[in-house]
Amino acid sequence: MTSTDPNTGMTILEPIDCWKLLREADVGRLAVSLGGHPDIFPINHIVYNGTVMFRCQAGTKLAAAVLGQAVAFEIDGYDAWTGDAWSVVVKGRAIELEKMDELDEANSLPLFSWAAFPKPRWVRIEPDELTGRRFHVVN
């Protein structure tokens with residue numbers, strides 16, 4: 001059941017609403033930690049089988065994401081007509097797809113690199129925690 005804090009007016013989103021917003025978003029931000037230093041990467045993504053998936057190439061983003069530490073993925077938005085803003089955060093573990101059947105399935109998904117160079121590696125974020133909030137922006 002959706003709940004709204006009477007003091008702040010902030011609404012806690014149900015998981016079904018969080019997944020809907022994740023599916024509708026074009027881009028989000030992947031937060032990782034590498035060598036004790038945080039970093040953030042904008043990524044386009046797709047929601048598939050209760051996970052968030054993205055493509056990348058070998059490099060810092062891939063290395064930091066799949067080191068076995070927790071990652072966070074965040075999307076947000078603002079509706080100028082209603083004045084409502086929202087944020088959804090997925091926290092979990094990122095796993096690089098390596099099995100041929102997983103890669104074949106991932107390659108059939110409608111997610112393509114925005115960059116001109118190829119991004120052949122697939123990563124899946126398996127959520128441990130999913131949270132979302134909606135609130136009205138005060139001018």
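**Figure 1. Glu 102 and its salt-bridge partner Arg 124.** In this predicted model, Glu 102 is partly exposed, with a relative accessible area of 23%. The side chain of Glu 102 forms a salt bridge with that of Arg 124 (3.6 Å, N to O). This pair connects distant parts of the chain, since Glu 102 belongs to helix H3 (residues 100-107) and Arg 124 to strand S9, 22 residues apart. Arg 124 is buried, at a relative accessible area of 16%. Arg 124 also forms a salt bridge with Glu 126, where the closest N and O atoms are 3.1 Å apart. Glu 126 is partly exposed, with a relative accessible area of 26%. Through shared partners, salt bridges join Arg 93, Glu 102, Arg 124 and Glu 126 into one network.

Figure 2. Seven salt bridges are found in the whole structure. One of them is formed by the side chains of Arg 29 and Glu 74 (2.6 Å, N to O). Arg 29 lies in strand S3 and Glu 74 in strand S7, 45 residues apart, and the pair thus links distant parts of the chain. Arg 29 is partly exposed, with a relative accessible area of 28%, whereas Glu 74 is buried, at 19%. Strands S3 (residues 27-34) and S7 run antiparallel and are joined by three bridges. In this pairing Arg 29 stands opposite Glu 74.

**Figure 3. The hairpin of strands S7 and S8.** S7 and S8 pair in the antiparallel sense over 10 bridges. Gly 77 has Trp 86 in S8 as its bridge partner. Four residues lie between the two strands of the hairpin, and Gly 83 in the turn has a positive phi of about 80 degrees.

**Figure 4. Buried and exposed sides of helix H1.** Cys 18, Trp 19, Leu 21 and Leu 22 are the buried residues of H1 (residues 15-24). They cover an arc of only 160 degrees around the axis and therefore lie on the same side of the helix. Ile 16 and Arg 23, on the other side of H1, are exposed. The buried residues pack against strands S5 (46-48), S6 (51-56), S7 (70-79), S8 (84-96) and S9 (121-136).

**Figure 5. The nonpolar cores and Phe 73.** In soluble globular proteins, nonpolar side chains tend to be buried together. Here the largest nonpolar core has 26 residues, and those with the most contacts inside it are Leu 22, Leu 30, Phe 73, Ile 75, Val 88 and Ile 125. At least two residues of this core come from each of H1, S3, S4, S6, helix H2 (60-65), S7, S8 and S9. A second, separate core of eight residues includes Ile 46, Met 53, Leu 103 and Ala 106. Beyond its neighbours within four places in sequence, Phe 73 is in contact with residues including Leu 22, Leu 30, Ile 43, His 45, Val 88 and Ile 125.

Figure 6. His 45 sits in the loop between strand S4 (37-44) and S5. His 45 is buried, with a relative accessible area of 7%. Its side chain reaches the backbone oxygen of Leu 22 at 3.0 Å. Among the other residues touched by His 45 are Ala 25, Asp 26, Val 27, Met 53 and Leu 111. Val 27, in strand S3, is partly exposed, at a relative accessible area of 34%. Contacts of Val 27 include Pro 42, Asn 44, His 45, Ile 75 and Trp 114.

Conventions: Residues are numbered from 1 along each chain as its sequence is written. This is a predicted model: local features need pLDDT of at least 70, side-chain atom pairs count only at pLDDT 80 or more; totals for chains, interfaces and linings use all residues. Side-chain values use heavy atoms; hydrogens and water are left out. Buried means under 20% relative accessible area, exposed over 50%, partly exposed in between (1.4 Å probe, protein chains only). The arc is that of the directions from the helix axis to the C-beta atoms. Contact means heavy atoms within 4.5 Å. A polar contact is a pair of N or O atoms within 3.5 Å; within protein, one must be able to donate a hydrogen and the other to accept it, and residues adjacent in sequence count only if both atoms are side-chain atoms. Two strands pair if DSSP finds at least two bridges between them. A nonpolar core is a set of buried Ala, Val, Leu, Ile, Met, Phe, Trp, Tyr and Cys residues joined through side-chain atoms within 4.5 Å. A salt bridge is a side-chain nitrogen of Lys or Arg within 4 Å of a carboxyl oxygen of Asp or Glu.
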